[in-house]
Amino acid sequence: MIFLYIVLALIALLLAVLVIRAILCKANARQLRPEKENVSPEKCEEYANRLAEMIRCKTVSDGETRDDAEFAKLRETMKTLFPLVHERLEKLTFGDDCWMYRLEGRDTTRNIMVMSHHDVVAATGEWEHEPFGGEIIDGKIWGRGTVDTKTPLFAEFSALEELLVEGYVPPCNLWIGSSHNEEIAGDGVPKALEYFEQNGITFELILDEGGAVIDAPMGGIACKCAMMAIHEKGRFSVECTASDGDAHQGLAANPETPVVRMSRFITDINSKNRFIRRMYPEVRAMFEGLAPYSVFPMRLIFANLWFFAPLLKVLIPKINAQAASMIGTMCSFTAINGSSQSKKCAATASLRCVNDDDFKQDLEAFKQVAEKYGVTVKEAESGNEYHRPADFRLPQFAYVKNCIGEIFPHVGAAPFILPAGTDARHFSDICRCVVRFAPIEIDAQQYASVHSPNENISLKAVGNAVAFYKYFLRNLNVD
């Protein structure tokens, strides 16, 4: 009986600890406040009319054709819209049209950068409004690039232009970067990186696109959230080949063709997860960041990952596919070639990993399954890359989060792992704190319009983006 009492006491103690941590998690977090008006409606409309001039420049990157005249048109538009920036900042160009503007600061040995990209994808599909018209209708500006990412670029330049009027001098060197071929993973930013490395230039903070202020990222979150990407998944391509000549000995007399074996291999990989699953530090930080804004049952779990992490690791893949991609390597087969009469079948698999060391083990597990079906695996000769995550414990990350709270007091904020790719990933070796966050508040339709028809953004969101960068730049402190 005494033993039972001890067990019950321990259970009660555990429950008390779990509940108290959940309560303190909410009490100690930044308290949400009503949404505020950072910019007047009239000023927002003025900004939108100026942004429209950039939207009307058809700076499309599609990997095949590039209209230099449209990129030249944008350059001239930028000079007209932002004369002080072009008068007072040094401009470097890399590749055909990758911009790096530099404003010398009080401490010339230190650097930060805000960046974006000025190329867009083609405007395919059925649009309600002219995709390059920059039309302002129903409180929104419509057009390709309004979300991805000419609005952030416009806001960066507008904020600095207005600060220069006030005599602004940054505490350290300030860079504004923008690539002309981000959409096709082009050479602009890699060439800029070469310049920075050759000249020993490192950055204390880089702020690029990637996350945004969005609707609740999962059920049970009671507010909009500013999602700040602190890591991008690594990307690896492998070539898989099945042929009559390389079948496993046990299959040598089997009439199964290479196509059949390849199909069974792909089915096997897709039917059962064989990769490492972990609650990585970046994922823990995401759940802990979302915990204060979650309904109580979820908050109890998110605030006590020391206890619930093993359970979450199992449940996440069943609950949310996007969240599942953050806890381990994901595999998708992107191409397959062969026929029933062929003596060879080839397939390409794309593997996206969170952790480089874990990926090495995951690749070995992938190869072991392939061997069972007489399939050989070879890593692609180019295109494979992995970049280290940002250090979200640094004060620079906390500063970005603080800026979000000042401009968007009504939203929560949390880090996350970005499944897509940005130019900023290239800078992870020269900057310990690369944060992918564009200060634009968008709804579900606007989020879905990225690379799709009817891309648009509200005029208020444009004004708030300018307000964010003005606050961010004005309050920088690297002393």
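A salt bridge here means a side-chain nitrogen of Lys or Arg within 4 Å of a carboxyl oxygen of Asp or Glu. This is a predicted model, so local features need pLDDT of at least 70 and side-chain atom pairs count only at pLDDT 80 or more, while totals for chains, interfaces and linings use all residues. Residues are numbered from 1 along each chain as its sequence is written, and side-chain values use heavy atoms, with hydrogens and water left out.

Start by selecting glutamate 455 and arginine 144: they form a salt bridge, with the closest N and O atoms 2.6 Å apart. The two partners sit in distant parts of the chain, 311 residues apart. Is glutamate 455 buried or exposed? Glutamate 455 is buried, at 1% relative accessible area (buried is under 20%, exposed over 50%, partly exposed in between, using a 1.4 Å probe and protein chains only). Arginine 144 is buried as well, also at 1%.

Next, pick glutamate 204 and arginine 110, another salt bridge, with N and O atoms 2.4 Å apart at the closest. Glutamate 204 is in a loop and arginine 110 in strand 3, so this pair ties together parts 94 residues apart in sequence. Arginine 110 is partly exposed, at 26%.

Now try aspartate 187 with lysine 191, whose side chains meet in a salt bridge at 3.3 Å, N to O. Aspartate 187 is partly exposed at 33%, and lysine 191 is partly exposed at 37%.

Terms used
Helices (H or I, at least four residues) and strands (E, at least two) are DSSP runs, numbered from the N terminus.
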